[in-house]
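The sequence and structure are shown first.

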Amino acid sequence: MTTAPSGPELRLGGHLVVDALVAHGVDMVFGVPGESYLAVLDGLHDTNSVRTVMCRHEGGAAMMAEAYGKLTGRPGVCMVTRGPGATNASSGMHVGFQDSTPMVLLIGQVGRSMADREAFQEIDYRLMYGPLAKWVAQVEEAERLPEYISRAFHTATAGRPGPVVLALPEDMLTSRVVARPFDGYRAVEPHPGPDALRELHALLAGATAPLLMLGGGGWDREACTRIREFAEASDLPVCVSFRCQDYFDNRHPNYAGHVGIGAPPALRELVASADPLVVIGAALGEITTDSYSLLEVPRPRQRLVHVHPGAEMLGRVYQADLAVNASPRALAAALAGMGPIEGSTWADRTRRANLAYRDTLEPKPVPGPVQMGEIAAWLNARLPENAIICNGAGNYATWMHRYYQYRDYRTQLAPTSGSMGYGMPAAVAAKLVHPDRVVVSMNGDGCFMMHGQELATAMQYGANIIAIVVNNAMFGTIRMHQEREYPGRVSATGLENPDFAALARAYGAHGEIVCETGEFAPAFERALAAGRPGLIEIRLDPEAITPATSLSAIREAARAAGR
């Protein structure tokens, strides 16, 4: 009896998805399980090279994938089911889009035979996710999965990095197809041309008040090092855009500060008087430009050099004297080859800029027994240089932005999109990626309640983070704006909160409450030594609304202005 020759190997579509993830170097995926992509989960069961982290909410899962993308420079992968799963993930995808973070979102979809009937949990993701992603597609044939997934990874990493969405119909994932070999993606980056480099050199050589501004996506540690070395050799002052403080060592004598919310007057003047202002990677959005007032639209007063990996971002708002379509990594390498700018006349300006920044580091007293400025300063002195600080959105974050000095690349994970709830899931992802590093999650009380349930994920996967919850019993940022615009007319901003420390202990974590500044340091040390995730609730006086003012002062100023 003869045996018939075996044919080509047949693979389930869902298993082919996992094969593609492995080929593209994915080592960790985040998600919430769903029946619409069971075939993918089954494929993950058979691989030891991909760690599957299942979360408690799709928004948290997407934010973990975004944080992974930030930390590694490789696409963070998130898997969710259709309908509510996909819509929940949109908050994390929005962070990835505005922060220029490479991501791939895989969505289980209704079966192909049910399409366009408003089947159970059916959504057309090409319409829903169009404004939040670089590319959105639905894979109709399992044979094309390697092609679509390859394009997803190439698109997420090419030019300006960003999120990509693939919808995967359930019946497509359970069909069997021939498995063909394929290779992993290779990121494609734009590089500056020789003419642009010559013009940039000429602008800097003839400058009177140059200023470098760093921001956006597409960086790595080597690029930051090369920019620092170029700035040192040319004695250039360097500032960073909103929530990109870890791109340049804040202790460096050339560091001029963080152009974020409430930027100090001296830094605002430094940007306004720059000639030229050389922006590398930043999109020059609303926050960094203070509602587009630091640079006039469309033609800034300053001579402007704008370097960005996305050609579509150049000239979108501002007309630059020199627009360069290049990634931060490519531009940094080119500057390293350019050599220093000789004969600089701006050394005194650089020293003054740094002194003005250092003057902002002295904490100012705020109402109440807890001084958040002193706590931030203590963390600045206590934490190792490679500690990772994560935060979401809210006034509580301004104390770390003001008083903590970021030393190393990717020690800050914070959403430039201003999304609440980011600090907890980002910290969990950071600890899973870097289990040997201290990871601190900064949260407001409102911020924590949006994704605080990811503390359960931290417990399940042994991510021993320390969460700090600054509790002032309100949505503080909104209350601040409310007092400015409608003084004394408080509406819908108060919060009734749980005992956060007791909640942490219910999860099995270490939990403590801090009511005075002096209680924080020993509480933090105990949390650090606990051998499990920890949470410290800081009960802050509601009057202590920012590092610089109080709620009452804001209210009285608004009333004096006739509001």
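Just after α18, G462 adopts a positive phi of about 70 degrees. Helices (H or I, at least four residues) and strands (E, at least two) are DSSP runs numbered from the N terminus. The model is predicted: local features need pLDDT of at least 70, side-chain atom pairs count only at pLDDT 80 or more, and totals for chains, interfaces and linings use all residues. Residues are numbered from 1 along each chain as its sequence is written, and side-chain values use heavy atoms, with hydrogens and water left out.

Six of the eight residues of α18 are buried, so the helix is largely enclosed by the rest of the structure. Buried means under 20% relative accessible area, exposed over 50% and partly exposed in between, with a 1.4 Å probe and protein chains only. The buried residues in α18 are E454, L455, A456, T457, A458 and Y461. Their cover includes β3 (51–54), α3, α16, α17 (445–451) and α20 (500–507).

## Packing of α16 on α18

Helix α16 (residues 423–433) packs against α18 (residues 454–461) at an angle of about 15 degrees, with the axes 9 Å apart. Axes are lines fitted to C-alpha atoms, for helices over the stretch in contact, and angles run from 0 to 180 degrees between N-to-C directions. The two helices are therefore roughly parallel (angles under 35 degrees; over 145 is roughly antiparallel, 65 to 115 roughly perpendicular, the rest oblique). On the α16 side, M424, P425, V428 and L432 make the contact, and on the α18 side E454, L455, T457, A458 and Y461. Contact means heavy atoms within 4.5 Å.

## Nonpolar cores

The largest nonpolar core has 86 residues, and F30, Y129 and L166 have the most contacts inside it. Such a core is a set of buried Ala, Val, Leu, Ile, Met, Phe, Trp, Tyr and Cys residues joined through side-chain atoms within 4.5 Å. Helix α3 (residues 58–72) gives the most to this core, with eight residues. Beyond its neighbours within four places in sequence, F30 touches residues including V53, A61, Y68 and L432. A second, separate core of 35 residues includes L204, W219, Y255 and I341.

## The six-stranded sheet

An open sheet of six strands runs in the order β11-β10-β9-β12-β13-β14, with parallel pairing. Two strands pair if DSSP finds at least two bridges between them. The edge strands, β11 (255–259) and β14 (322–325), each pair on one side only. Strands β12 (residues 277–280) and β13 (residues 304–308) pair over four bridges, and V279 has H306 in β13 as its bridge partner.
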